[in-house]
Each structure stands twice: as structure tokens, then as C-alpha cells.
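Here is a friendly walk through a protein model, taken one neighbourhood at a time. Keep the structure open beside you as you read.

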Amino acid sequence: MADNPGTEIEFEIHHSQSRVPDAERGRMLQAPGFGQVFTDHMITLRWSAEKGWHDGKLEPYGPFTFDPATAVFHYGQELFEGMKAYRQDSGSVVMFRPRANAARFNSGCRRMAMPELPEETFIRALELLVSADRDWIPDGEGQSLYLRPFMIATQRGLGVNHPSSEYLFSVIASPSGAYFGASKAVKVWLSEDYTRAALGGTGAVKCGGNYAGAFAAQQQAVDKGCDQVVWLDAATHEWVEEMGGMNLYFVYGSGDSARVMTPSLTGSLLPGVTRDSLLKLGPKLGIPAEEGRISVAQWREGCASGEITEVFACGTAAVISPVGSVLGASGGWTIGSGEPGPVSERLKAELVGIQNGHKPDPFGWVHKVA
């Protein structure tokens, strides 16, 4: 369901006539939280079986109006991405690896039977919004402009045996502070009652159903005194997969002998952009990085023996979030000292340094917008 990739899709520009005043915006940027404050504009672009992609706009941020029978409300045909724009020390405004997000978005479109969006159109939509709302990009440590591209099925009707014939693509933006707080080590709950995804399902796609289905398990984790849930494989609940909506990494050894491993992509795990970045960045820093698999028993035994020295989760929102302790139905254990470790802190500093322009970018990951 892809349009001709050579077809240029135009966007009309309709700037908001009621932008948030400078003083009010400055106050909002002092403590934006995560996903609570939104910028002056948004991108909209529509698709239909008859017209393909059309009616692209940069327009004032505001609500949508849909018929109660709109397909997305009933069958959940939708997906989204998450990425960030940064204000570097030089004053430049940049995005981090937007083409990787464009590729993952289209992979998700194929799985969800939705029309693919030409990569250049995806990038152009992001550039237009970031440029229009660049004054919303905070410049504090650990802060950024979070970008949320998403697509929803908009056909009116309750027919369930075919995908929608109409879609809306949109991008909104939200100034963002630190996700979990400053390098706080989190406590995680091993979920044996719930499953995030199974082989052949939608685990590799950023679709809302994955997250809605996770809320009960996350609430269980909180009820057990934990910050986050860790997902295990659907078949045996033996093999470790992800933490909440983030990928996991395990650190073996320390100092010059340290290496990191992340669970392999089996089709039920999300192929995180931060995960992929760390697989490439680690070896550049002399930290071997590989994909593999680890069971709950191996995780516990590795921590008891000292072989596993750190564990951390990674994703766009938090970048890297250290894991300090684990709890499950059969008991719990502490990872290393229970505090953030030197390997996770070094990887985070290097990656954030590339994003913010403090460190060289040997991979060409930074995409300049303005």
C-alpha cells in the first residue's frame, strides 16, 4: 500500500495566529515533565484509496473531530513513533536518526496493513514542525523536544474483515524533561501472569494495543513496590525480553573486560533505535556489544556470582535507565550495588553527547534541521 516514492507530497503552511506568549512558554519550559505540554503546531496528512497521500498541512495544534463509528475506535488500526529534537550548544537544531524511525514506521505500516509513507515525506513533516516550533525546544540538561508521529484508521463503518480505506497521519511535539529522573536506578517486577507479545503478533510494532495490554501488568508491578514490569517470553515465561516499553541490556564484567548483551530480536521485541545505537556505539568505546538471550535463572545466578555487574533499559524517552533490583513471584535480588554503574553511565554520556553536540558523531546520526 505504498505510494510512488518518487511522488512529491506538498504541505500547506498555516501558522497559528494564537501562539503561546513568550513569557508563558518560558514558564512552561522550566518544568515540562514528559508528554504534558504541547507546541503551537501539528502536521496532518491524509490518505485514501482513491487519492493516495494528500492534503498535507502544518497547522495550529488542536483537537480532531471523528464520527463515533471511525475504525480506529473499534479495531485499533494505528501505530506511532517516538523520537527527539535537540538544541545543541552551537545553536543548531537537530534530530537523532529520523531515517531509522521512518524505516521502522513503514515496517509497522506493513504489519498493520496500513499505507506506507515515503521516507522523505516522513522527514519533511518532522522538519516542518520542528522548524515552526523551534522556540519550544528546551536547552536544559537532559531536555529535548519529543516528537510523536502517528497514523490512525479514519474510515467510518464497523466492517471488520478488511483494513480501513482512509487514514490520517499526524505529528505533534512536546517539550520533555528527564523521563525517570536523574539516573535513578529502578526496581523491576518479573511478569508471569501477563504476556506482552508472542511470535507472529505485533510485538515488533509500536502500536497502541501493545501498550494498552501492558497496563494491568504495570499496575501489578507498582502494587508489588516496583517501578516497571519486565516481560518474559510468551511460551515459557523463562526468557527475558523487554522492560515496559524499553529494551534491556546486561553488562558482564567490569573495567576493560566489560561487555554488554541485549536480547535478540525474535519478532516479539521492539527493534528500538536506542538499542541499535548502543550496539554500534559500544564497540567504538571498547565495550563489546552483542545480541543473545538470557533466562530469569541466568540473570539471578549471574548477579549472585558477580558475572553480571549492571543492567539497564534503553529507549527514546529515558535514553538509558539503570535497573537496580529485581522482584518476582519466587523472590528478588540486587544487581551489583543497586545503583547506576559505570558502563551504563558512560554509554549514556556518550550517546547524549552525540545528540547534544558535545561529542563527535562518527555514524552520521545527527540530522540538522536549522
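Which side chain does a polar contact of 2.7 Å join to that of R104? The partner is E81: a polar contact of 2.7 Å links the side chains of E81 and R104. Bear in mind as you look that this is a predicted model. The side chain of E81 also has a polar contact of 2.7 Å with the side chain of N101.

To find E81, go to the loop between β4 (78-80) and β5 (83-87). Is this residue buried or exposed, at 1% relative accessibility? The cut-off for buried is under 20%, so E81, at 1%, counts as buried. Leaving aside residues up to four places away in sequence, E81 touches N101, R104, F105, F122, Y146, L147, R148, P149 and K206.

In general, two packed helices are described by the angle between their axes and the distance between the axes. Here, the axes of helix α3 (residues 98-111) and helix α4 (residues 119-132) come within 9 Å and cross at roughly 125°. That angle makes α3 oblique to α4, and the crossing is right-handed.

Next, turn to strand β1 (residues 11-13), where you will find F11. With a relative accessible area of 11%, F11 is buried. What does F11 touch, not counting residues up to four places away in sequence? Its contacts are I43, T44, L45, G56, K57, T121, R124, A125 and L128. F11 and R124 are 113 residues apart along the chain, yet their C-alpha atoms are separated by 9.0 Å.

Our last stop is helix α1 (residues 22-30), in which R25, M28 and L29 are buried. These residues cover an arc of only 100° around the axis, which puts them on the same side of α1. On the other side of α1, A23 and Q30 are exposed. And what covers the buried residues of α1? The cover includes β8 (166-176).

Key:
Residues numbered from 1 in each chain as written. Predicted model: local features only at pLDDT ≥ 70, side-chain atom pairs only at ≥ 80, totals over all residues. Heavy atoms only, no water. Helix = DSSP H or I, 4+ residues; strand = E, 2+ residues; numbered from the N terminus. Buried < 20%, exposed > 50% of the residue type's maximum accessible area, 1.4 Å probe, protein only. Polar contact = N/O pair within 3.5 Å; in protein donor to acceptor, adjacent residues only side chain to side chain. Contact = heavy atoms within 4.5 Å. Arc of directions from axis to C-beta. Axes fitted to C-alpha atoms, helices over the stretch in contact; angles between N-to-C directions. Parallel < 35°, antiparallel > 145°, perpendicular 65-115°, else oblique. Left-handed = near helix turned anticlockwise from the far one by under 90°.
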